[in-house]
Amino acid sequence: MKQFVAAHRDDGHLASTPASPTGLMSLRAGEQIVVTPSVPTPVICRTLTSSRKPNTPPPQTIDQGEAMPVSKSLIAFFSALAAGAPNAESISGTSAPPPVSTAASPAAHVPLVEAKIGKHRFMFPKNMYYQQVGPDRDGGVMLIVRWPTLQPYPPGVDYHHDNLDFISHISIDISEPNLSDAEYRTLLRRYIEPLNPDDKAARADPSRNLDLRIKGEPRFGLIPYFADFDKLKPYFDNLYKPGSPASRPEHNDDWFVRWGTDGVPTTVIICSSRLIPDGASIQSGVIVDGTDARRSSCQHSFLVPELRLVVHVTYLRVIVYDWQRIESEVRTMLETRRVK
């Protein structure tokens, strides 16, 4: 991917290589990385299923593979990424106000749909699933809730169709990794260190090693680790060429870690760099768009050891301060919705 982008990109545009190799390493079944010149950073999303009618001829085959029909939801997703005003939290680190206490009105008569995650069975409301249908055809489970209530959208409401609904959505991806007990316990370390920490070349990469980052003051109950651009620039200039875009903030995320008593991370949140203007802010308890052309986002990963699950939650950075409530709500949901 790196070679292809380097050979084909217009140097007038931002490079579209993944911000960190951990993005590729953390891909799960049913996911893909989408790279496009119109979006400054790659996006991890679900693979799409063809919506062609049976008699529709297949798309033309080209050298890079077969073109895939793009769903309206993905088009809306990329369109919505291109809206956004600088935000105090994302730039200076100041905390945002607490969310408005909004009473969730439970939808009446919403059917429950079973999900099997590893050896566990859960009964989630149908409208909580992505696309409000149920588990993916490959068995993957992605749930969608709305901030700040952390409740599902009403039945029949597609969060892609309204900008406020879209920027307020939180996706929750739940899976049971096929790992040994030791590998599972230390899984989150893979997001903040090279796959092989003994690899000298990987250990020299300032973008992939926690100890080569700048440790910040505790924030929101997490320890931040910021990219050290004084180390990144000479490293990538030497690795690629002078002036390489790989050392720009667009390609180097902020890391937030909560450490367990045994020195193993229990929560890892990887967010767009605080140095990038954020096109989202909170006003009167809701997320709103400004005038900037992008929004900063976060992927929040944590383990549920009692069920041996791993959870990846994605939301806008402007609400990262609310991570503990989001994580607690997901844990409670898994416990109360589990079929015992």
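Predicted model: local features only at pLDDT ≥ 70, side-chain atom pairs only at ≥ 80, totals over all residues.

Trainee: Why is the pair of Phe122 and Phe124 called stacked?
Mentor: The ring centres of Phe122 and Phe124 are 5.6 Å apart and the planes meet at 10°. Rings pair if their centres lie within 6.5 Å, and planes under 30 degrees apart count as stacked, so the pair of Phe122 and Phe124 is stacked.

Trainee: What makes the pair of Phe124 and Tyr129 edge-to-face?
Mentor: For Phe124 and Tyr129 the centres lie 6.0 Å apart, with the planes at 80°. An angle over 60 counts as edge-to-face, and therefore that is the name for this pair.

Trainee: Which residues have the most contacts inside the largest nonpolar core?
Mentor: They are Phe124, Ile170, Tyr315 and Leu334, in a core of 47 residues. Leaving aside residues up to four places away in sequence, Leu334 touches Phe122, Phe124, Ile174, Val304, Leu307, Leu309 and Val311. Apart from this core lies another of 14 residues, including Leu187, Ile223, Tyr225 and Val310.

Trainee: What makes you say that the charged end of Arg213 sits over the ring of Trp255?
Mentor: The charged end of Arg213 is 3.7 Å from the centre of the Trp255 ring, whereas the limit for the distance is within 6 Å, with a further condition of within 35 degrees of the ring normal. The charged end of Arg274 also sits over a ring, that of Phe226, at 3.8 Å from its centre.

Trainee: Why is strand S12 described as largely enclosed?
Mentor: Strand S12 covers residues 265-271, and six of its seven residues are buried, so the rest of the structure largely encloses it. On one side, S12 pairs with strand S11 (residues 254-259) in the antiparallel sense over six bridges, with Phe256 opposite Ile269. Five bridges join S12 to strand S15 (residues 297-304), again antiparallel, and here Ile269 stands opposite His300.

Trainee: Why are S7 and S9 said to stand at the edges of the sheet?
Mentor: The open sheet has eight strands in the order S7-S8-S16-S15-S12-S11-S10-S9, with antiparallel pairing. Strand S7 (141-146) and strand S9 (214-215) each have a single partner strand, so one side of each is left without a neighbour in the sheet. Within that order, S15 and S16 are joined by eight bridges, and Ser301 stands opposite His312.

Trainee: Where does Arg317 lie, and how do you know whether it is buried or exposed?
Mentor: Arg317 lies in the loop between strand S16 (309-316) and helix H9 (323-337). Its relative accessible area is 0%, and since buried means under 20%, Arg317 is buried.

Trainee: What makes the link between Arg317 and Asp254 a polar contact?
Mentor: Their side chains are joined at 2.8 Å, and a polar contact requires N or O atoms within 3.5 Å. The side chain of Arg317 also reaches the backbone oxygen of Ser272, at 2.6 Å.

Terms used: Residues numbered from 1 in each chain as written. Heavy atoms only, no water. Core = buried A, V, L, I, M, F, W, Y, C linked by side-chain atoms within 4.5 Å. Buried < 20%, exposed > 50% of the residue type's maximum accessible area, 1.4 Å probe, protein only. Contact = heavy atoms within 4.5 Å. Helix = DSSP H or I, 4+ residues; strand = E, 2+ residues; numbered from the N terminus. Pairing = 2+ DSSP bridges. Polar contact = N/O pair within 3.5 Å; in protein donor to acceptor, adjacent residues only side chain to side chain.
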